[in-house]
Structures are given as structure tokens and as C-alpha cells.
Amino acid sequence: MNPMNRICDLCYRRLHNFPIFFMLSLFVSCHSGIIKQENTLSYYFNQPAQIWEETFPLGNGRVGLMPDGGVEQERILLNEISMWSGSKQETDNPYAYWYLSRIRQLLFEGRNDEAQALMYQTFVCKGAGSALGDGANAPYGSYQLVGHLLLDYHYNTQEPITDYRRTLHLNEAIASVSFKKGSTSYQREVFTSFSGDLGVVYLTADDEKALSFTLGLNRPEHYTFAIEGRDLIMKGRLPDGVDTLEMKGTQYGVRVRVVLPKGGTLTPLDSTLTVANASEAVILISMATDYFDKEGYKEQIVGLLASAEQKEYSALKKEHIAVYNNYFSRVGLDLGRSSTSDLPIDQRLKLVQQDENDPALAALYFQFGRYLLISSTREGLLPPNLQGLWCNTIHTPWNGDYHLNINLQMNLWPAEVTNLSELHLPLIEWTKQQVRSGEQTAKVFYNARGWVTHILGNVWEFTAPGEHPSWGATNTSAAWLCQHLYQHYLYTMNKAYLEEVYPVMKGAALFFVDMLVTDPRNGYLVTAPTTSPENGFRMANGNVVHVCAGSTMDNQIIRELFANTIEAAGILGVDSAFVEELENKKAKLMPTTIGKDGRIMEWLEPFEEVEPTHRHVSHLYGLYPGDEISTESTPNLAEAARKSLMARGDKSTGWSMAWKINFWARLKDGNHAYKLLKDLLQPCVEEGTTNVTGGGTFPNLFCAHPPFQIDGNFGSCAGIAEMLVQSQNGYIDFLPALPDHWGSGHFNGLKVRGGGEVSARWVNSQLKEATIKATVPGQFNIKLPEHSKNLSVRKNQKPVSLPVIDGFLHIPLLDGEEVLLQF
């Protein structure tokens, strides 16, 4: 093939999703060596995984696999998004409301320690709650692994392994392994099929009869094995946390089938399958639970296998990639390359900490966040939990649940802006499912209308306060979830959807209409009791407490909920009297306040901080993900937020550093946002050991709290997008927080509020081109950069003249229309 023809073909494949106006400039970039997308969208190791956090995560939103790439023995972790123990439980504490007025009285008298002590005795859920994060055998339950697929490989030679490489291909959602043993080359590919909804393992050897292995399944508990024809079967039932003598919880099943397209023998034994003298094998792994389908899950497992077995491997792979790329290929990001871009990922992570600039690593990490979201949730299923879709134990940290004081919400921060809007829907549906339980909790604990939930969430509709008021008393989680409901509307402008979710928003607002109480010390309405999530303060008597009357975060969230509900009611033309009531209540909330030290106050009183560098930065919710604080409209609050961040410090848990990337992006400080990204990419496992040293990044790019928590991956992905484009202030701001390290680059396919899809190209830190494509009709307001003197505008490829007013361009667009700005 003519090399130039190949380059042109690559150019076409890379650019077919870009706006037409970008093609010429990006064609030149491609031929200049700038675009190396096939490299930036994969990463690799030169050895098998030594720890779980070196294995590659694969998932299709329901089924998850994590192969370790072992040569002699390979372990492939099996996950399924609904693999939960536990059951719905009775959490109503009938005595809680009796003590609410006394708890409030103590808070208003400044006796917070006594109020907190009384809450521990009276204002907690009935039962064990989350069992202090170890709920596998409690009613609360725990997300658990399904098990492991074990492959013991048998070789005909004792010669050493050479040329080993283990790669995760983000643009295909496939993990591969290649190596040589003697003169024989071995290849493996593993994926969780987006089209066939099952796991696929493909093994080949380039010498005839050189592929032999034994296949087995295992799980720590609650399982039975069987062999049925050519299938290896594992099934069982998890505890419901109530009946300790008989398993009555979630039922599950796994069925593994081996197909030998080019010969070889398959021998079933008691609990294993053995393949001998083959050169090619396809292993199909089908699994499900009865969480979604009590009666049909067994037939689902069998049916998926039967469908997949009828197809050749090449067809399975092609169909999988096509469906996956309906999501993944929507967004492209190129930040350039460096001499380290082709090194193994563990070396790249180490070198970037030594000031070796690797802009392609930032782009890879951004796309890895999108990859994880695509892989860990799907319409009609569950949202990603604390570990997304992947866990390797029965007792998953913090039950692998849905923590609602930031963690679950952070999981979905990238959904809208990175063009994965439909993957927001599982969270939205999960939120709607909490309403009925939340209404009961609101009535029992607060004698309030509407619905409420606290910090803990699971698949069993747990909405009560947690068992420890120091963290379990936070009661604005439903309001925060409703922000996601409204953000989805702002990005899609789907009025029919807004009509559907408006009652959920109204119910959350109605709870605070009833629950807010006047603090007699200052006349403001407050949430009492509450906390500033997980953070404590020191009282004058020296006691450290968490429970308080009102917090800055609560006020910011409630103000936002009321404002969004008011706006939604106006759009829908409903509830004028309720809107007036919300307006009156909103006006009586204490505004975000700057303390004597120039920082934003975390509590409504000037309490002494116990841990000034605490991982939660809750009082800056109004900066991000909220939009109450901005450098343009509230510069004093923005400066106070900056001082708050400086006092809090940068280094922290992984997810906290991810949150701070977004904070600094909103403050338009790209270099500080980049520093936080670099801090987050700090390798957290000591070289040559398995010791985890702190927050940062595991070798496989999982975020380390530690332990692994996926929210940091998602939060940083959203943060990188926030550095490139913002739209929360009513206009589109291109490159608002571009760091010096990303001097030239381009992106395409990011989304903005109002129903727009945008792209941009910049050189030497100056915007050169930008496009806006309307996905719904509307007006798009663009903040122009200072170097806009030679601005030219093309609408639908035709030159147009539009007035520039106070540095802004206002462009009306119909659905599908596109405008190009050149500077």
C-alpha cells in the first residue's frame, strides 16, 4: 500500500465525526504528526497484573470482566451490576420525630454536643443501617463480585516468555495480550459485548495444536458448580440479611461455553473444562441475576449464549465495536504528544511526576473517564456505584453503595458535557425510585411532606438517616440529586422529560418548605439538624462535633433546588402559588458569607475548624457543581473561594483532588487545575511493592481514595472538560482554564447547556477556530476571546455578519444548524 494512501485513510477515519470546517486544518495536523489517536486511545503494560488494580476494567453497563493477563494461569474477574446482597428493610424510627424539637432547641442554645449525643440515641435509622460499611450479611446489603474465571494454560515447551504486551484499547473496549513462548505467538482478546450482552474471550496460537488450557470458576461463598454438556455452570443465592438460616436474597447464575472453530478437544470433568490441541478458542461467559427479572433471568443467560454461539468471532467483535463506538466516538481530544507518550502506562505515570510533560496522558485519562462511564452503566439499568461496575470481594469497601453527599453525583458529572447524556438516565431513574421510600422517611422523621434521603443509598431504596449522625444526618441529598434531573433538561431542552421529572423536584422542594425552621439567633431559615458533610468543628468547651443548625452547603443546594423548581414551573406553566412560597423561603436563607479571614464560611457560625485540610470542600458547592459563585457575577465570593481552596490544600483523597480540578477550572486558573490533575495522577502504589501510599492513581488508572473509588475518575474527566469549555453562566466560554502545558490542541463533540455541541482548535494558547452545532433550536451566546479583531463567522458554511455586543456574539440556530468562528 502507498503510505500516503494509508495516511489519508487514517485522516478520513479520524475526522469523519468532526465538523466540516475543521477538516482541512486537522488534515494538515494529521500529516504533521499531531494526531496519533491510535496511540493516545490505548495504554499498556509489559507484564501481567501483579495486583487487582493493574488489571483492565471491561464492561458493557451490566456485565464486567477484569483479566489479569497471566501467562501460566489467568484470572478473569466477573461482575454484574445487580449482584447485591440484602433486601428492603424497615428503617422507620418511630421515636425520632418525638425528639426533633428537643434536638433543635439544643442546637439553637449552642449546645451542639448535647444535640449530637441525643441524636445518637434517638435520631437514627431503625436497625443496623449500613452496618458501618460492612453490610454483606445485613439487610442493607453489599455489592459483590460474581466470581472468577480461571484459566490454567498448558504449553508444549519450557522456553521463556518474550515480547509480552498487555493493552487496553479504549477505542474498541477490548483488552489484549500478546507474547511469544519459544517460536509460538499467542494472542488473546477479551471484551464485554455491547451488542451480545455477554463476556467474550478469544485465544489463538499461530502453531497448530499449541493451545491447551483448563477452565474453571470460583467464588468465595454461596455457590454450587455443575457441568452441563459443554457448559460450565455456577449458581447461587446471596443472603438477604434477614433470614440467617436460609439464603433468600438475590439469585444469580453464570454459564461458560467454549467454542473451538479450528479443531481440538474439549473434555468436561467434575468442575472444569479442558481444551487440548487447539489453535483457536472462543470462550463465551453469560451471567445474570434475578434483580431485574425474577422469572426470566435463567432463560436470559442461556439465550445470550445461544445467540452468540451462532456467530463467528470476527462478527461478534465487529458488532461489539460498532455499538460501543456509538457512544465513545462522539468526542475527540488531542493535546499533543511527547517523547514519553509511547511508554508503558506505569512509566508514564511516574515520569509525569518528574515534570516530564505528557499531554497525551491527560487526553488519555479524560477518555478513560468516558470509557468507564460507558462501561459501567446503561439505560434501563443501575447507575455506577462507588466502584462503578467492578469489585473483587464480597465485602466491597463502604458496601460499594451509592454515597449521596458527593460520590454518586460525581460519578455522573461527565455525562452531559462529554456527550453521554443518555447515560445520565440510570441515575435519574434511580432517583425517581427513591421517592416513595423518601416520602415515608420525611413523614416519620420530620413530619414533613415531600421526600428526603440522606447520605446512604443502595438498590433497596434506603432513604433514612445513617446509623452515625456525625455523617448520617446530612439531609440535602435528594435536593442534590434533583440538580442532576434539571441539568439533564438544560443540556437537552426536552420539555416532555421536564414534565416527567418536575414532580420529583417539587417533592424534594416541598420537604424543605416544611422542614426549614427559623433559627431564633439570626432569623434565618435553617436545616436543623444537619452537618457539613463528614467535617467537624470544635466548640468553645473543646468538644468536637459535626451536627449543626444549617450549613453553607445546605443553603447553596436548597437555594439551587428552589431556583430550579421555580424555573421549571415557569417553563411548564404550573404551580404559581407554590412558586411564590419557594421565593419567600429562598429569600430567608442565609447567603453564602465571607468570614473575617476572607474565606467562605463552612458553617453559619464561625466555628473553629478541626481539620483545615478536610477532603470534603462542601461550602464551595456553589462554585462547582453549582453556579452560584463565579468570577464574573460574584468576584468577591470567587476570591473568597480561592482563599478557601488555598487553605484546604491540594493533596487529599483521589476524589477530593478531582473535585478541586473543577473548582480551579471555574476560577479560570488552568495552571492550578493542571497541578491538581498532576497530583491526582501520582502513582499510589510504591514501586516494587503492593503498598498503597495515599490518594492518587493505581497502575491501571483507577482512582485511589484509597482504596479504589471510581468517582475520582469521573470527577477529573468532568474537570478536564471544564477546563476546555464552560456554559453555566448563560454563555459559552471556550478554553476558560487552559493550562500552559496544553499550548496547542483541539477537541470535538463536547456539549453545552441549551442543546449545543461544540468543537475548538487552538495554537500557542490562542483560540483559532470554534464551532457550535445546535441539537435543538435556540440562541447561543458566545464569549469572544480578546484576540477577536479578525473574527469571521460562517453559518452552515456560508459567511454571515453578526453584531458583537460587549464582547459577546449572539447566534440563533435551528436544530442541526452549525456555525464556525475563526480568529
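Modeller: A residue is called buried under 20% relative accessible area, exposed over 50% and partly exposed in between, with a 1.4 Å probe and protein chains only. By that scale E500, at 43% relative accessibility, counts as partly exposed. This is a predicted model, in which local features need pLDDT of at least 70 and side-chain atom pairs count only at pLDDT 80 or more, while totals for chains, interfaces and linings use all residues. Residues are numbered from 1 along each chain as its sequence is written, and side-chain values use heavy atoms, with hydrogens and water left out.

Biologist: Which side chain meets E500 in a salt bridge?

Modeller: In general, side chains of opposite charge can pair when their charged atoms come close. The term salt bridge requires a side-chain nitrogen of Lys or Arg within 4 Å of a carboxyl oxygen of Asp or Glu. Here K432 meets E500 at 2.4 Å, N to O. The pair links distant parts of the chain, with K432 in helix α12 (residues 425–433) and E500 in helix α16 (residues 495–515), 68 residues apart; helices are DSSP runs of H or I with at least four residues, strands are runs of E with at least two, and both are numbered from the N terminus. K432 is also partly exposed, at 23% relative accessibility.

Biologist: Are E80 and R62, which also form a salt bridge, buried or exposed?

Modeller: Both E80 and R62 are buried, and their side chains meet at 3.0 Å, N to O. E80 lies in strand β4 (residues 73–80) and R62 in the loop between β2 (58–59) and β3 (63–67), so the pair ties together parts that are 18 residues apart in sequence.
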